[in-house]
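Please examine the sequence and the structure shown here before reading on.

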Amino acid sequence: LGNSAEHTAYLRLKAGIDAPHSGSSALNGKVISEQIGAQIFIDGFGLVAPAQPELAAQLAASAARVSHDGEAVYAAQVIAVMLAMAFVEPDLDRLLDAALGFIPDTCLIAQVIGDVRGWHKTESDWRTAFAHVRGKYGYDRYGGVCHVVPNHAVVILGLLYGEGDFHRTMTITNTCGWDTDCNAATVGCL
């Protein structure tokens with residue numbers, strides 16, 4: 001219990017605690033409930049809902065809330081909506097705008113996206129932008145083994161600075177570090 005969001009939720013479910021309470025921060029604490037897992041396993045829900053962002057957001061939230069809560073759910077919804085819309089919309093800014101329409105504009109994930117987009121507009125070098133990410137959203141600011149917020153920032157940074165070039169996008173995402181395999185998988189899928 002408390003080892004990971006997924007294992008904690010498994011133990012809760014096994015003990016008869018149904019979802020979404022099994023993944024809630026009220027039961028498991030904010031640190032456990034906002035780890036990266038929901039962003040990692042969410043791709044399929046965007047892929048099965050081409051051009052259906054409402055369905056992608058709903059499926060992502062329902063699945064994510066089994067083991068996660070709060071910012072982790074919002075990050076999962078962003079990724080699922082972007083994937084669903086990528087079938088019909090090639091413009092990354094439009095994908096981000098669409099995804100932001102499904103999460104509270106006051107949540108931390110929306111702030112992360114806004115900040116990274118802002119840095120992308122003013123900083124030509126992704127390394128400088130990543131220094132801003134480290135300073136404002138780095139691992140030192142969030143508890144647990146692998147929090148969603150720093151990693152979501154890397155996903156957005158990689159996508160923006162990669163500018164549609166798969167190799168460059170993957171290189172930037174991986175070079176940033178942190179949860180490289182998961183961030184690269186999320187970015188690569190999109």
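**Burial and surface**

In this predicted model, 49% of the 190 residues of the chain count as buried. A residue is placed in this group when its relative accessible area is under 20%.

The chain exposes about 8400 Å².

**Secondary structure**

The chain contains 13 helices and zero strands.

**Overall dimensions**

The radius of gyration of the chain is 16 Å. Because a compact globule with 190 residues would have a value near 16 Å, the chain agrees with that expectation. Along its principal axes, the C-alpha trace spans about 50 × 35 × 30 Å.

Contacts within the chain also reach across the sequence. Of those between residues at least 6 apart in sequence, 64% join residues at least 24 apart.

**Charged side chains**

How many positive and negative side chains does the chain have? There are 12 positive and 20 negative side chains. The centres of these two sets lie 5 Å apart.

**Aromatic residues**

The count of aromatic pairs comes to three. Rings are paired if their centres lie within 6.5 Å. One aromatic cluster is formed by Phe130, Tyr139 and Trp178.

How values were computed: Residues numbered from 1 in each chain as written. Predicted model: local features only at pLDDT ≥ 70, side-chain atom pairs only at ≥ 80, totals over all residues. Heavy atoms only, no water. Helix = DSSP H or I, 4+ residues; strand = E, 2+ residues; numbered from the N terminus. Rg over C-alpha atoms; globule rule 2.2 N^0.38 Å. Buried < 20%, exposed > 50% of the residue type's maximum accessible area, 1.4 Å probe, protein only. Contact = heavy atoms within 4.5 Å. Areas by Shrake-Rupley, 256 points an atom, 1.4 Å probe, with all protein chains shown as cover. Lys, Arg positive; Asp, Glu negative; His and termini not counted. Charge placed at Lys NZ, Arg CZ, Asp CG, Glu CD. Phe/Tyr/Trp six-rings, centres within 6.5 Å; stacked < 30°, edge-to-face > 60°.
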